[in-house]
Every structure is written in structure tokens, then in C-alpha cells.
Amino acid sequence: MQKLPRSFYTQRTLTVAKELLGKIFIHKIGRRSISGMIVETEAYLFNDPASHSFRGLTERNRPMFYTGGFLYVYFTYGMHYCANIVTFKEGIGEAVLIRAVEPIDGIGAIITNRHTDVRHFKGVRHLHSLTNGPAKFAEAFSLTKEHNGIDLCEDEIFLTKGKNVSSSKIVTTTRIGISAATEKKWRFYIKDSAWVSKK
DNA sequence: TCCACGATCGGCT
DNA sequence: GCCGATCGTGGAG
């Protein structure tokens with residue numbers, strides 16, 4: 001399966017956020033890989049008070065200012081990582097947060113990754129809870145600060161075409177967990193998917 | 001140097 | 001529905 005090219009990621013951010021639905025996210029670890037279909041995304045734009053890039057370039061948000069097709073992984077709440085796909089042009093500072101995926105390959109590894117702390121075990125009793133949230137996705141797919149700034153046009157972490165999601169299957173809503181620009185409808189998910197973080 | 005806060009999650013009421 | 005965990009970041013002073 002062919003990797004998505006740079007030209008996919010350098011489109012307008014809101015376009016990429018919608019088009020990412022149905023795409024396959026793949027992380028190759030040694031000879032194995034973990035993969036899943038993206039079912040929920042959120043866009044963060046350059047003039048967006050909810051975006052990490054809003055106050056300009058800093059050490060933390062540097063990858064957001066790369067050209068489209070890089071990964072931006074950040075650490076939050078003292079314990080979680082979240083992964084974004086950088087979009088649009090170099091120097092702008094836009095990205096799409098991956099909020100949920102439907103597991104495809106490497107389910108065993110996903111379960112292991114999500115069970116590393118026994119205290120979390122009870123929360124993973126239902127399969128959909130493995131990857132229905134941005135920090136759950138990052139943990140399930142072993143995405144940490146090591147992967148911050150990685151190029152998705154290389155061979156370790158990349159996306160493939162997956163399935164086409166018609167626009168009638170895309171639900172558009174406000175974003176979750178933010179305190180600014182709460183009125184912007186920049187969250188997208190696949191209607192009827194059991195794997196989204198919240199209806 | 002200090003310190004408030006966060007694109008979350010899981011457990012508890 | 002609410003709350004605590006836990007720490008890197010960056011704005012303030």
C-alpha cells in the first residue's frame with residue numbers, strides 16, 4: 001500500500017482534517033506494525049486561540065511550523081501524550097489532532113501498550129476504549145516525544161489511503177477539552193463509528 | 001526563578 | 001458528573 005504523499009498534507013488544514021477520516025495510520029516497530037483507521041480528528045489553525053501555535057513559535061510547538069506531513073507529539077497533564085499531523089505550509093503553524101482510531105493490525109501490541117500499568121486495566125475492559133481518545137491513541141500506538149517532529153513521508157510512521165468516507169458520513173461539531181474558540185466547529189468524525197471518543 | 005495550567009483519563013459518587 | 005494525578009512549558013515578574 002502506497003504512503004500518502006507530501007501533497008496530501010500540504011492542503012488546507014480543514015480539508016486535511018476531513019480527508020484524514022478513513023485513512024490508515026501505521027507505526028512500524030521492528031518487523032511488526034500497529035495500524036488503525038482514523039475515525040475522529042480536530043483541526044488547530046494559525047489564528048486559533050485554542051491552538052498551541054497561537055502565540056507563535058516556541059521550543060515546544062516547533063514541529064507545528066514545519067511543512068505538512070510531520071508529526072507533532074506533545075506531553076500534557078503530566079502523564080499523557082497526544083499526536084497531531086502537521087498540515088498546510090511551512091511557517092504557518094497548523095495541525096490536526098488524531099482523537100480516535102479503529103484498530104486494524106497489532107491489536108495484541110495495542111492491548112499490551114494500554115495495559116502497561118495494572119491500575120489502568122479496569123478501564124480497558126471494553127475494546128472500543130483502547131483507542132477512543134487522543135491520549136489513548138498515542139499510548140496504543142507507542143507515540144511519545146521520541147516521535148515528535150518525525151516525517152510521515154519516511155518509513156517508520158506513515159499513512160495509507162484506506163477507505164473513502166463520503167461527506168454524508170462526516171459529522172462536524174465543536175472541539176473537546178478546550179477553553180478558547182469553543183464555538184469553532186473544527187472536530188470531525190465518522191458517523192455511526194463505535195470508535196469515536198464521544199458522540 | 002516561579003508558578004498556574006493543560007487539545008486527558010480513569011475511578012468514584 | 002466530578003475530581004485527582006502529575007509535570008513540562010512558557011508567560012510573568
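In what order do the elements of chain A run from the N terminus on? They run α-α-β-β-β-β-β-α-α-β-β-β, which comes to 4 helices and 8 strands in chain A. Please keep in mind throughout that this is a predicted model.

Let me begin with the overall dimensions. The radius of gyration of chain A is 16 Å, close to the 16 Å that the globule rule gives for 199 residues, so the chain is as compact as a globular protein of that length. Along the principal axes, the C-alpha atoms fill a box of roughly 40 × 40 × 35 Å. If we count the contacts in chain A with a separation of 6 or more, 62% of them join residues 24 or more positions apart. The accessible surface comes to about 10200 Å², and carbon and sulfur atoms account for 52% of that area.

Turning to the interior, buried residues make up 49% of the 199 residues. In soluble globular proteins, nonpolar side chains tend to be buried together. Here the largest nonpolar core has 47 residues, and those with the most contacts inside it are Leu20, Phe25, Leu71, Phe141, Leu143 and Leu159. Strand 2, residues 32-44, supplies the largest share of this core, with 5 residues. Apart from it lies another core, of 12 residues, among them Tyr44, Tyr72, Cys82 and Ala181.

Tyr66 counts as partly exposed at 30% relative accessibility, whereas Phe70, at 17%, counts as buried. Tyr72 and Tyr74 form a tilted pair, with 5.7 Å from centre to centre and 35° between the planes; Tyr72 is buried with a relative accessible area of 1%, and Tyr74 is buried as well, with 14%.

Finally, two charged side chains sit over rings. The charged end of Arg175 lies over the ring of Tyr44, 4.7 Å from its centre, and Tyr44 is, as I said, among the residues of the 12-residue core. The charged end of Lys3 sits over the ring of Phe158, at 5.2 Å from the ring centre.

Conventions: Residues are numbered from 1 along each chain as its sequence is written. Chains are lettered from A and ligands numbered from 1 in the order in which they are written. This is a predicted model: local features need pLDDT of at least 70, side-chain atom pairs count only at pLDDT 80 or more; totals for chains, interfaces and linings use all residues. Side-chain values use heavy atoms; hydrogens and water are left out. A nonpolar core is a set of buried Ala, Val, Leu, Ile, Met, Phe, Trp, Tyr and Cys residues joined through side-chain atoms within 4.5 Å. Buried means under 20% relative accessible area, exposed over 50%, partly exposed in between (1.4 Å probe, protein chains only). Helices (H or I, at least four residues) and strands (E, at least two) are DSSP runs, numbered from the N terminus. Rings of Phe, Tyr and Trp (its six-membered ring) pair if their centres lie within 6.5 Å; planes under 30 degrees apart count as stacked, over 60 as edge-to-face and the rest as tilted. A charge sits over a ring if NZ of Lys or CZ of Arg is within 6 Å of the ring centre and within 35 degrees of the ring normal. The radius of gyration is taken over C-alpha atoms; the globule rule is 2.2 Å times the number of residues to the power 0.38. Contact means heavy atoms within 4.5 Å. Accessible areas come from the Shrake-Rupley method with a 1.4 Å probe; for residues, only the protein chains shown count as cover.
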